[in-house]
Amino acid sequence: MPAARVLSGSSRTRRIASTALAACGLMLLSATPGWASGAIRWHGCGAQQPPSLQCGELSVPLDYHHPHGAKITLGFNRLRAADRAHRVGSLIVNPGGPGGGGSGVVAVEAAGRHLWNPALHERFDLIGMDPRGVGTSTPIRCDPDVYNRPVSLFPTTKAQFDRLASWARAFGRSCRERTGRLLGHVDTRSVARDMEALRRALGDGKLNFLGLSYGAHLGSAYAELYPKRIRTMALDAIANHSVSVNTLFSDAAATYEDTLNRFAAWCAQTSSCPLHGRDVLALFDSVVQRADQQPIPASECADGSCRPTVTGGEIRMNALFLLVFKDGVAAIGQPSWNDFANALARAEQGDASAFSMHLAASPTDDPFAALAINCADYPPEIVTYEDFVAKTLLGRVVAPHTRGASEAWLGILACMRWPVPVTYLPHSIMVRGAPPILLVGSTHDPETNYVWAHELRNQMPSAVLLTRDGDGHTSSWLQNSRTSDAIAHYLITGETPRLTPSTPTESGRPAPRPRFAPP
């Protein structure tokens with residue numbers, strides 16, 4: 001769901017993970033499971049998934065403070081290395097979120113969609129772990145009818161704010177009632193401990209991990225807990241858990257605004273842009289203002305999957321998720337900037353379907369785990385109406401066009417009245433004794449502010465920061481990219497790129513893929 005976005009990192013990649021199998025015509029259904037507490041019994045993943053894919057489960061503690069108490073299921077899948085003779089080991093991947101399941105993006109690769117750098121499938125068993133609360137793991141459950149209640153995410157009066165706060169309280173209570181004790185144990189530190197349990201069960205020695213966006217938050221949590229159990233760790237598009245929620249909000253709002261401005265400049269310079277020759281920012285503002293005065297119809301929502309009309313606030317919220325990948329991601333059908341231009345033109349003409357809010361359809365729908373994990377990792381930022389007014393003012397100052405409708409906004413709102421306490425507070429991590437860790441950031445990522453990569457680097461003495469000078473969220477899924485190749489080379493060999501202080505590491509020109517020697 002495009003509006004169900006969260007504080008730390010890419011919710012778009014979380015949405016990608018939850019819809020990746022659908023893009024391949026697959027379903028997240030498993031054959032007879034083989035649970036085990038310390039060993040994996042691999043089995044088929046069902047007739048509708050590629051035969052090369054294997055699934056497994058582990059039983060892990062609900063609460064790691066009580067390791068012999070109640071247990072939950074950790075689900076994952078495996079795509080075995082294509083080059084068995086030169087196999088390096090297992091590589092656990094996380095596509096972002098929170099709430100993104102690794103099993104979906106590994107299944108995409110198994111279906112032949114070539115989402116990841118080809119060298120990774122050649123040399124690693126790709127392991128798609130679904131974090132606790134997500135996908136094939138024991139899920140977070142909430143009431144979709146409560147979640148779908150119409151409420152403004154941008155109240156303009158105290159009465160509207162009170163209705164929003166009542167919605168947040170009712171939604172949180174529905175999650176507690178339907179999920180039970182798990183709701184209080186989906187924090188990222190617990191997910192990192194689950195990943196350690198999976199590493200041990202795989203039996204391949206030290207950890208190889210590739211985490212995108214929220215996956216960088218997960219990776220940094222693991223590195224703080226288990227620095228000497230890492231072989232390689234690449235964190236791509238850095239989500240920063242060491243700063244305040246207020247800073248995260250302002251940074252995310254500014255990052256989104258920067259991307260919208262860069263889209264407008266690109267469209268002015270690119271004759272193939274459907275809005276070439278138009279004042280794109282003025283058009284965006286006018287469509288938002290018109291939708292705030294009278295919601296714009298969404299003709300593609302007649303089936304009930306999304307709201308039939310779209311407000312200006314919803315356009316501001318959901319435009320981001322059409323701007324995430326400049327060139328799109330063909331393997332999973334993700335839109336490009338050209339698609340956003342077409343969507344904005346359609347909205348101007350009276351059809352805002354591309355910006356409509358998705359309606360949750362089941363107790364385990366897309367946004368629920370994301371919000372639960374978010375509220376476990378960050379304290380409430382808005383409690384009173386005065387807090388809300390101050391925050392909306394900040395959003396308008398740092399982002400005049402998008403006005404704070406960033407990744408962080410719904411996460412902040414949903415956590416206003418969350419029924420369980422925060423269990424993993426933001427803090428500066430301490431990583432001592434780890435091997436070189438590769439951090440990757442792009443200068444104009446629309447979701448993770450480039451500054452966050454530098455802040456995490458300062459907390460990891462062994463980290464090397466690889467910078468891509470360009471647009472778009474994450475670098476691992478780029479095709480014909482020196483940055484993607486450098487990530488793969490590091491994961492295979494353990495060798496970090498040689499950097500210079502004055503030269504960005506991605507020129508924008510395709511480069512030949514490097515040849516990797518056997519480890």
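Student: How many salt bridges are there?
Tutor: The count comes to 15 salt bridges. The rule asks for a side-chain nitrogen of Lys or Arg within 4 Å of a carboxyl oxygen of Asp or Glu. This is a predicted model, so local features need pLDDT of at least 70 and side-chain atom pairs pLDDT 80 or more, while totals for chains, interfaces and linings use all residues. Residues are numbered from 1 along each chain as its sequence is written, and side-chain values use heavy atoms, with hydrogens and water left out.

Student: Which residue does Arg87 meet in a salt bridge?
Tutor: Asp125, at 3.0 Å from N to O. Arg87 sits in the loop between β3 (71-79) and β4 (89-94), and Asp125 is in strand β5 (residues 124-129), so the pair ties together parts 38 residues apart in sequence. Helices (H or I, at least four residues) and strands (E, at least two) are DSSP runs, numbered from the N terminus.

Student: Is Asp125 buried or exposed?
Tutor: Asp125 is buried, at 1% relative accessibility. Arg87 is partly exposed, at 25%. Buried means under 20% relative accessible area, exposed over 50%, and partly exposed in between (1.4 Å probe, protein chains only).

Student: What does Arg199 pair with?
Tutor: Glu196, with the closest N and O atoms 2.8 Å apart. Both are in helix α6 (residues 188-202), 3 residues apart, about one helical turn. Arg199 is buried at 15% relative accessible area. Glu196 is buried too, at 0%.

Student: And Asp351, which residue does it bridge to?
Tutor: Arg346, with the closest N and O atoms 2.4 Å apart. Asp351 is buried at 14% relative accessible area. Arg346 is partly exposed at 34%.

Student: Switching topic. What is the secondary structure count?
Tutor: The protein chain has 16 helices and 11 strands. Of its 519 residues, 60% are buried.

Student: Which residues touch the most others in the largest nonpolar core?
Tutor: Phe171, Leu198, Leu235 and Met460, in a core of 89 residues. A nonpolar core is a set of buried Ala, Val, Leu, Ile, Met, Phe, Trp, Tyr and Cys residues joined through side-chain atoms within 4.5 Å. A second, separate core has 71 residues, including Ala264, Ala341, Phe355 and Tyr490.

Student: At what angle do α8 and α11 pack?
Tutor: About 90°, with the axes of α8 (residues 245-269) and α11 (residues 337-348) 11 Å apart. Axes are lines fitted to C-alpha atoms, for helices over the stretch in contact, and angles run from 0 to 180 degrees between N-to-C directions. The two helices are therefore roughly perpendicular. Angles under 35 degrees count as roughly parallel, over 145 as roughly antiparallel, 65 to 115 as roughly perpendicular and the rest as oblique.

Student: Which residues of α8 and α11 meet?
Tutor: Thr259, Leu260, Arg262, Phe263 and Trp266 of α8 meet Trp337, Asn338, Phe340 and Ala341 of α11. By class, that contact has 6 nonpolar, 2 polar and 1 charged residues. Here Ala, Val, Leu, Ile, Met, Phe, Trp, Tyr, Cys and Pro count as nonpolar, Asp, Glu, Lys and Arg as charged, and the others, Gly among them, as polar.

Student: What about the axes of α9 and α10, how do they cross?
Tutor: At roughly 140°, with the axes of α9 (residues 280-293) and α10 (residues 312-319) coming within 6 Å. That makes α9 oblique to α10.

Student: Now the backbone. Which residues does a cis peptide bond join?
Tutor: Gly97 and Pro98, with omega about 5°. Pro98 is in the loop between β4 and α2 (102-110).

Student: What is phi for Ala237?
Tutor: Near 70°, a positive value in a residue other than glycine. Ala237 lies in the loop between β7 (230-236) and α8. Ala237 is buried, at 2% relative accessible area.

Student: And phi for Asn480, what is that?
Tutor: About 50°, positive although Asn480 is not a glycine. Asn480 is in the loop between β11 (463-471) and α16 (482-493). At 46% relative accessibility, Asn480 is partly exposed.

Note on methods. Contact = heavy atoms within 4.5 Å.
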